[in-house]
Amino acid sequence: MPHAERMLPGRVIASALPPGPRMAMTAHTGRIAIFSASVGAGHDGAAAELARRLTADGFAVDRHDLLDLLPAGLGPAIRTGYHRMLVRAPWAYQRIYSSSERAGGGGPAARALLRATERRVLRALHPGTGAVVSTYPGASQVLGSLRRDGRLAVPVLTYLTDFSVHPLWVADGVDAHLAAHPVTAAQARAAGARTVQVCGPVTDPRFRPCTGAERDRARERFGLPQKAPLALLVAGSWGVGPVRQVALELRDSGAAVPVVVCGRNEALAARLRADGIEYAYGWVDDMPALMNASDVLVQNAGGLTSLEAFAAGLPVASYRCIPGHGLTNAAALHEAGVAAWIRDPADLKNVLTDLTDGPLGARQREAALALFTRTPDLGPAAEIARRHLRGPAREGSASVTRARPAPRRLAATAAVACAVWACAVVTGGATALDGPTLVRTIGHSLDLDDLHPGDNHGTGPEGRHS
């Protein structure tokens, strides 16, 4: 989602996030931790908005990136492997996604890696933490295990950032799974979640329907044509998927002028401009204004940007989706009636015309905006606050004995980390890496200093968290 990361201040204190409307409930005091992961921008974007809302209601919020807490410095290698797999070998990602979906979760290597992360997650928590939230499946697995085993005595909640629910999202021990829509909730229950609540989406309040005058000003600001229908094409913060093909198809269909946001993929933006796609951008700071300028959103992943389009009253079409979660999200959004799923290129022109100036677009806008009609005290942040207040004694409840691991445990952790790193990066990402690149990844990603007993990575409030 090509703008969400820029809305985040990075790893800074959550209270520094931009102010927004306060939740309509009594202000509280307490501390809540949110665990996300910097793969793309959707998980971080949801975490940022939850943090903003909770901070506005009086809570201290600590944000953590699970990739920062993986042993042996594996986070960057896994992020890079995942990115390159999506770009160079999407078929491999589809195979991994489908096999883990059939198996009901990750394999032995993934489970071993997450177990090796549990102690680090506990050390990262502030002693006064009263509730913990996950916006990433791996974090849900770690936190659920800690909660189930009694090592974490405070409520754990998972906010499901996608409309579709992969089994990895559902973890034993998690107190509640928070869903944006009943379709999502049904999938979570089918995957084994015991407590699921429909709380609506989480989006930045800057995304909202606009007036005709605001639309005209937004088009003028971006230098866009005032009268032509505009199709905003997005492909995540990494600009992955067949974006070039879709942009050319949009132009040639004549249904709308393509306006393409390529995220951090500046090379793709330059290639599109060379193809004659006049309105091709890299990173865009003000996505709310660009959505206000557009008539329809065409997306391929179904994550945070789709939710933001719903909040802006912008019809959404899923087309030529990326493998794995892109396809399952497209199916779930279509089932929910909030996005059209174009599976046949021959239907592209007719569907886009119906979305921009027809009954399909009107129905979809109504269904999408209905997701945001809940009062603030029924939203996900309010439910997290309630769980915090109903939880056990606060002070010290999230802390653990911070004894240094025994040498035998250190050796075992090192062995597991090396084995898991090999599985995750080689079998998961090597399909997308050439030999020299893989060797460089090995050399730069495996930091054995991270295993020293004196390491205080992520400990307490001074660890690497926001």
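These questions and answers cover the sheets, helices and surface of a predicted model.

Residues are numbered from 1 along each chain as its sequence is written. Local features need pLDDT of at least 70 and side-chain atom pairs count only at pLDDT 80 or more, while totals for chains, interfaces and linings use all residues, and side-chain values use heavy atoms, with hydrogens and water left out.

Trainee: How many helices and strands does the protein have?
Mentor: Both are DSSP runs, numbered from the N terminus: helices are H or I of at least four residues, strands are E of at least two. The count is 19 helices and twelve strands.

Trainee: What is the strand order in the open sheet that holds β1?
Mentor: Two strands pair if DSSP finds at least two bridges between them. This sheet has six strands, with parallel pairing. The order is β2-β1-β3-β4-β5-β6.

Trainee: Why is one side of β2 and of β6 left without a neighbour in that sheet?
Mentor: β2 (59-65) and β6 (196-198) stand at the edges. One side of each is open because each has a single partner strand.

Trainee: Which residue in β6 is the bridge partner of Leu 178?
Mentor: Strand β5 (residues 176-179) runs parallel to β6, and three bridges join them. In β6, the partner of Leu 178 is Gln 197.

Trainee: What angle does the direction of helix α2 make with that of β2?
Mentor: Contact means heavy atoms within 4.5 Å. Axes are lines fitted to C-alpha atoms, for helices over the stretch in contact, and angles run from 0 to 180 degrees between N-to-C directions. Helix α2 (residues 42-56) packs on the sheet, touching β1, β2, β3 and β4. Its angle with β2 is about 165°.

Trainee: Which strands does helix α7 touch?
Mentor: Helix α7 (residues 137-148) also packs on this sheet. Its direction makes about 140° with that of β3. The strands touched are β1, β3 and β4.

Trainee: Which residue in β9 is the bridge partner of Val 261?
Mentor: Three bridges join β8 (residues 257-261) to β9, and the two run parallel. The partner of Val 261 is Tyr 281.

Trainee: What percentage of the 466 residues is buried?
Mentor: Buried means under 20% relative accessible area, exposed over 50%, partly exposed in between, with a 1.4 Å probe and protein chains only. By that cut-off, the buried share is 56%.
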